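Keep the structure open beside the text.

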Amino acid sequence: MRKYLGLLALALLASMPAAAQTPTPIRVKCGGAALTDSSGQIWTADNGFNGGLVSKTTGAVSGTADPALFQTGRTAPDSGSLTYSFPVSNGSYHVNLYFAELNTGDYAKGARLFNVLLQGSSFLQNFDIFASAGGGAALIKGSDITVSNGAVQIELDTIPGHDRAKVTAIEITQGTGGSAPQLALNFVYPDGTPVSGTLNYTVTASQLKLSGNTPLVNGQASCVLYAAPQMLGLAGQVQLNLSLTDTAGRTLWQIGMTLDSSTANINGVQSSALSVVVQKGT
């Protein structure tokens, strides 16, 4: 079981921004000019948006080697939505949205609250940057999507009575196409019925905090296996927290673990599977 949990940890790490190794990434600095990050990756000036306002809030940002990616941004209008659309070929993609709460007036839970949709489906509900990461801290939320209409579509909606929805950078990378080894995670109830829900992850390293989720399909989620966290730019101690929630939002299963990226390695491991039996939520 410990071996499989280690595979699970590294597989989930593979869903992080290192998918930027794909040949045709889209990287946009929302609300700002083009820039080159500390890894030499080029982020284009703000584009693809419809509506919204430029936010010029700046300040120190912890947990990142690239604070400029988390400063300034684009906010939704007082009423209506902020949308981004990027034409792409149909297929599988990974989307990372970059956030940081730098407005000291919003250094309180519930001050800035908003919803985010990807491809018209709910991704983040009642999302609170400060509650998730604190003030002046980098935060990335990621999710896998499937494009069938020729465009990646992102929508941010402010919840009335709260400060405006805001995003500071957007990164879109292509899916792996299934060529890399896969880890299939199967979640079932004691009677063998597949679980309907979402597998959620949070990864905290010395330089960054990332989180996202993968909806279960017939009780299953698939992750790509990379040889080691170093391939993803994750160094030092890496804390991974996983949880499984059903369609009612109830937590059915959760686990936390710490990995040493200098020793973690699954080089040569082929595609594998892990099955987990969980109790139904009450």
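Start with an open sheet of three strands, ordered 5-6-13 and paired in the antiparallel sense. Its edges are strand 5 (53-55) and strand 13 (166-167), each of which pairs on one side only. Bear in mind that this is a predicted model. Strand 6 (residues 73-75) meets strand 13 in antiparallel pairing over two bridges. Across that pairing, Arg74 stands opposite Val167 in strand 13.

Phe49 counts as partly exposed because its relative accessibility is 34%, and buried means under 20%.

The largest nonpolar core has 32 residues. Phe70, Phe187, Val195, Leu244, Trp253 and Val278 have the most contacts inside it. Which strands each supply at least two residues of this core? They are strand 15 (182-188), strand 16 (197-204), strand 19 (237-246), strand 20 (251-260) and strand 21 (272-277). Strand 19 gives the most, with four residues.

Charged pairs come next. Side chains of opposite charge can pair when their charged atoms come close. The structure holds seven salt bridges. One of them joins Glu171 to Arg27, with the closest N and O atoms 2.9 Å apart. Glu171 sits in strand 14 (residues 169-174) and Arg27 in strand 1 (residues 26-29), so this bridge ties together parts 144 residues apart in sequence. Are the two partners buried or exposed? Glu171 is buried, at a relative accessible area of 1%. Arg27 is buried too, at 9%.

A second bridge joins Arg112 and Glu101, at 2.7 Å from N to O. Both residues belong to the loop between strand 8 (91-99) and strand 9 (114-118), and they are eleven residues apart. Arg112 is buried, with a relative accessible area of 5%. Glu101 is buried as well, at 1% relative accessibility.

Asp246 and Arg250 form another salt bridge, at 2.9 Å from N to O. Here the partners fall on opposite sides of a cut-off. Asp246 is buried because its relative accessible area of 8% is under 20%. Arg250, at 35%, is partly exposed. Elsewhere, salt bridges that share partners join Glu101, Asp106, Arg112 and Asp163 into one network.

Finish with the rings. A search of the whole structure finds nine aromatic pairs. In one of them, the centres of Phe49 and Tyr84 are 6.1 Å apart and the planes meet at 70°, so the pair is edge-to-face. Phe49 lies in strand 4 (residues 49-50) and Tyr84 in strand 7 (residues 81-87), 35 residues apart. Tyr84 counts as buried, at 1% relative accessibility.

Tyr107 and Phe130 make a stacked pair, 5.6 Å centre to centre with 25° between the planes. Tyr107 is in the loop between strand 8 and strand 9, while Phe130 is in helix 2 (residues 129-133), 23 residues apart. Tyr107 is partly exposed, at 36%. Phe130 is also partly exposed, at 21% relative accessibility.

Trp43, Phe70 and Tyr98 form one aromatic cluster. Phe70 was met above, among the residues with the most contacts inside the largest nonpolar core. Lastly, Lys280 lies over the face of Tyr189, at 5.1 Å from the ring centre.

Notes. Residues numbered from 1 in each chain as written. Predicted model: local features only at pLDDT ≥ 70, side-chain atom pairs only at ≥ 80, totals over all residues. Heavy atoms only, no water. Core = buried A, V, L, I, M, F, W, Y, C linked by side-chain atoms within 4.5 Å. Buried < 20%, exposed > 50% of the residue type's maximum accessible area, 1.4 Å probe, protein only. Salt bridge = Lys/Arg side-chain N within 4 Å of Asp/Glu carboxyl O. Pairing = 2+ DSSP bridges. Phe/Tyr/Trp six-rings, centres within 6.5 Å; stacked < 30°, edge-to-face > 60°. Lys NZ or Arg CZ within 6 Å of the ring centre and 35° of its normal.
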